[in-house]
Amino acid sequence: MPKSEQDSSPEAKTQPDPQPRSEIYLDVETLRLSHEVPGQWSNIKAFGLAVAVTWDAQLGFRSWFERDASALLAELGRHATVVTFNGERFDFEVLSAYGAVRNLYPKSLDVLVHLKTKLGFRVKLESLAQSTLGRSKTGSGIDSVGWWRNGEVQKVESYCREDVQILCDLVAYGRAKGHVLVDGKRVAVSWI
């Protein structure tokens, strides 16, 4: 079972909900980099899951490791919305090595996809966080793989959690103000 900040019994985590929960935020860190797998970026599912962090209003932050991938997929399926940054292209693809992810796409709120559609180009989470929130990320995906290999599991987990916190704060900001900032310019958003 994943690590959780809240004390909830394992039984409570495994019983299906009669109604889907509202939304869950997700970020994934991997075991491998693109140049280390056959097919590189066309084979994202071969990157392997090091850790995923989720946040939802009911259970808070939780960490999921490779051994938890099936439980993570089931948990994502219990929510009406899965909020990510580049999740449709990356996070869901990583998780596809561990089970079906088709059901996640219709319920996806991928902030990067939303912004790319509006702007016509990709925005980095780092620059979006700096412009909108005045905060910086604490590393990169490349750093994360290096930390994992050095046995710094807690550092990877913390980095992933910080990215989820940034994502939560960006979505909350956009919902409250109706925009985010990209390179200092307002970009209207309508994240329901």
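D183 is exposed, with a relative accessible area of 57%. Buried means under 20% relative accessible area, exposed means over 50%, and partly exposed lies in between, with a 1.4 Å probe and protein chains only. This is a predicted model: local features need pLDDT of at least 70, side-chain atom pairs count only at pLDDT 80 or more, and totals for chains, interfaces and linings use all residues. Residues are numbered from 1 along each chain as its sequence is written, and side-chain values use heavy atoms, with hydrogens and water left out.

D183 sits in the loop between β7 and β8 (185–188). Helices (H or I, at least four residues) and strands (E, at least two) are DSSP runs, numbered from the N terminus. β7 and β8 run antiparallel and are joined by four bridges. Two strands pair if DSSP finds at least two bridges between them. V182 has K185 in β8 as its bridge partner. The hairpin has two residues between its strands, and there D183 takes a positive phi near 50 degrees. D183 is a residue other than glycine.

## The whole chain

The protein has 192 residues, and 47% of them count as buried. Seven helices and eight strands make up its list of elements. Take the contacts with a separation of 6 or more: residues 24 or more positions apart account for 64% of them. Contact means heavy atoms within 4.5 Å.

The accessible surface comes to about 9500 Å². Carbon and sulfur atoms hold 51% of that surface. Such areas come from the Shrake-Rupley method with a 1.4 Å probe; for residues, only the protein chains shown count as cover.

## Two nonpolar cores

A nonpolar core is a set of buried Ala, Val, Leu, Ile, Met, Phe, Trp, Tyr and Cys residues joined through side-chain atoms within 4.5 Å. The largest one here has 32 residues, and V111, L128 and V180 touch the most other members. At least two residues each come from β3 (49–56), β4 (60–65), α4 (111–119), α5 (125–133), α7 (153–177) and β7 (179–182). The largest share, 10 residues, comes from α7.

Which residues does L128 contact, leaving aside its neighbours within four places in sequence? They are F85, V111, L115, V123, L133, L170, V180, L181 and V182. Another core, of 20 residues, lies apart from the largest one. Among its members are I44, L73, V82 and L104.

## A parallel pair and its crossover

Strand β5 (residues 79–84) pairs with strand β6 (residues 108–110) in the parallel sense, over three bridges. V82 stands opposite S108 in β6. From β5 the chain crosses through helix α3 (residues 87–95) to β6, and this β-α-β crossover is right-handed. Right-handed means that, with the strands pointing away from the viewer, the path from the first strand over the helix to the second runs clockwise.

N86 lies in the loop between β5 and α3. Its phi is near 70 degrees, a positive value in a residue other than glycine. N86 is buried, because its relative accessible area is 16%.

## Helix α7 and what follows

How far apart are the end C-alpha atoms of α7? They are 36 Å apart. At 1.5 Å a residue, the 25 residues of α7 should span 36 Å, so the two values agree. The expected span is 1.5 Å times one less than the number of residues. Just after α7, G178 takes a positive phi of about 80 degrees.

Start with L119, in helix α4. L119 is partly exposed, with a relative accessible area of 28%. Not counting residues up to four places away in sequence, L119 touches V182 and V187. The C-alpha atoms of L119 and V187 are separated by 8.3 Å, although the two residues are 68 apart along the chain.

Next, R135 is in the loop between α5 and α6 (141–149). Its 30% relative accessibility makes R135 partly exposed. Beyond its neighbours within four places in sequence, R135 is in contact with E126, A129, Q130, Q165, I166 and D169. Is S144 buried or exposed? S144 is buried, with a relative accessible area of 0%. Leaving aside neighbours within four places in sequence, S144 is in contact with E29, V156 and Y159.
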